Amino acid sequence: ALDISSRTGWAVFDSEAARPLLGTKPLVGWAYDEGTMLEYFRKWLGEFIQTHNPQMAAIERPFIPTHGGKVDGSTVIRQVGLACMAKWAFGAVGIPCHWAPISEWRKHAFGSSKNNGTDWKVRAKNRCDFLGWAYPDDNAAEAGLILDWALVTKAKINPPWRDDVLMARMA
């Protein structure tokens, strides 16, 4: 699972493991040159796919951010460009890839996706702490929750951290 940003969060699950592996990849060129950044991401993602050999992928669906009523074109290019490149990279090697709408994975993770002044990054880290997952930052924490959403809703897999006792305590 990927949470694409200047520090892209990623999460992988091996059925032999009790917990997912979470990490972050800073993207070179994010603040400067889109071409450099896209090429860096393409190379990294190819290595990531080769290393982890995923059977399925999920990418947080990009959204168009606005700042003071204006669309930040550079951010749109980065978010949409990287997400589409990732979708293509997984598809090119036959890996099914799902868009993870923010509202859906947040509702799955937290029971609601309504923004009531909540700091979503803090909530993601708190949920990972509760589940006993190691994460380097909030981007990796969100990628982990996107992975959980994809496993349960798309792959129809009940991962080991979703046992009945634990899920009752999360409610």
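Guide: Arg162 counts as buried because its relative accessibility is 12%; buried means under 20% relative accessible area, exposed over 50% and partly exposed in between, with a 1.4 Å probe and protein chains only. This is a predicted model, in which local features need pLDDT of at least 70 and side-chain atom pairs count only at pLDDT 80 or more, while totals for chains, interfaces and linings use all residues. Residues are numbered from 1 along each chain as its sequence is written, and side-chain values use heavy atoms, with hydrogens and water left out.

Visitor: Where does Arg162 lie, and what does its side chain make a polar contact with?

Guide: Arg162 is in the loop between α5 and α6 (164-170); helices (H or I, at least four residues) and strands (E, at least two) are DSSP runs numbered from the N terminus. Its side chain makes a polar contact with the side chain of Asp148 at 2.7 Å. Such a contact is a pair of N or O atoms within 3.5 Å; within protein, one must be able to donate a hydrogen and the other to accept it, and residues adjacent in sequence count only if both atoms are side-chain atoms.

Visitor: Pockets next. What is the volume of the largest pocket?

Guide: The largest pocket holds about 430 Å³ of space. On a 1 Å grid over the protein atoms alone, a pocket is an open set of points with protein on both sides within 12 Å along at least five of seven lines, a cavity is a set where a 1.4 Å probe fits but cannot get out, and lining residues have an atom within 4 Å of a point. Grid points are joined across faces, edges and corners, and a volume is the space filled by probe spheres set on the points.

Visitor: Which residues lie nearest its centre?

Guide: Of the 20 residues lining the largest pocket, Phe13, Pro54, Gln55, Met56 and Leu151 lie nearest its centre. By class, the lining has 15 nonpolar, four polar and one charged residues. Nonpolar covers Ala, Val, Leu, Ile, Met, Phe, Trp, Tyr, Cys and Pro; charged covers Asp, Glu, Lys and Arg; the others, Gly among them, are polar.

Visitor: And how does the lining of the second largest pocket divide?

Guide: That lining has four nonpolar, four polar and five charged residues. The second largest pocket has a volume of about 270 Å³.

Visitor: How many cavities of 30 Å³ or more are there?

Guide: The structure holds two. The second largest cavity, with about 40 Å³ of space, is lined by Ile4, Glu60, Arg61, Pro62, Phe63, Gln79 and Ala83.
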